[in-house]
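Hi,

Here is the structure I said I would pass on. Have a look, and my notes follow below.

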Amino acid sequence: MAGPEAPEAGWKAFTENVVGGGRLELDPAGIEQCIKLCQEHAELMGDLADNARQKLRAADLGIGEQDIDSAKQLARKFDEKAIGGGDIEFSNTAVGLFGAHQTYAKDMKSMFEAVLARYNEQDAVIASSLGSVGGDL
């Protein structure tokens, strides 16, 4: 779903830097809040995509599409723009746009989860090291 200007590459690079040994200072509660917000946003975008599939269908606009070819073509174009089909790229439809936002929110959530997991792992290593040093004192 990602377009040529998709920011996923930036998030992936950030995640790789942090998880791969980069330096990060963070508040775990803040990251947990970000994870929660990303999940909520992904769910909302999924709901909007489902609504677009159901409610934006241009099955019967009442503009004469049953009898007039140009009206039928116009209704078909509205339908294609909402849910896909014809010569319209899926990413340029309402369903495609909401789906792309959902995917991006899920990617951000995964990135925050990876950051939090790495932070917790490192925190445990440091706590263990401090505990063993403290025993020698």
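To start with, is Glu80 buried or exposed? Glu80 is buried, at a relative accessible area of 9%; buried means under 20%, exposed over 50%, and partly exposed in between, with a 1.4 Å probe and protein chains only. Before the rest, please note that this is a predicted model, where local features need pLDDT of at least 70 and side-chain atom pairs count only at pLDDT 80 or more, while totals for chains, interfaces and linings use all residues. Residues are numbered from 1 along each chain as its sequence is written, and side-chain values use heavy atoms, with hydrogens and water left out.

Back to Glu80: this residue sits in helix H3, residues 69-83 (helices are DSSP runs of H or I, at least four residues, numbered from the N terminus). Glu80 touches Gly85, Gly86, Asp87, Ile88 and Thr93, leaving aside residues up to four places away in sequence; contact means heavy atoms within 4.5 Å.

Helix H3 also holds Phe78, which is partly exposed at 46% relative accessibility. Together with Leu61, Ile63 and Leu74, Phe78 forms a nonpolar patch on the surface.

Cheers

Conventions. Helices (H or I, at least four residues) and strands (E, at least two) are DSSP runs, numbered from the N terminus. Patches are made of residues with over 30% relative accessible area and no salt bridge: like charges are joined within 9 Å, nonpolar side chains (Val, Leu, Ile, Met, Phe, Trp, Tyr) within 5 Å. Accessible areas come from the Shrake-Rupley method with a 1.4 Å probe; for residues, only the protein chains shown count as cover. A salt bridge is a side-chain nitrogen of Lys or Arg within 4 Å of a carboxyl oxygen of Asp or Glu.
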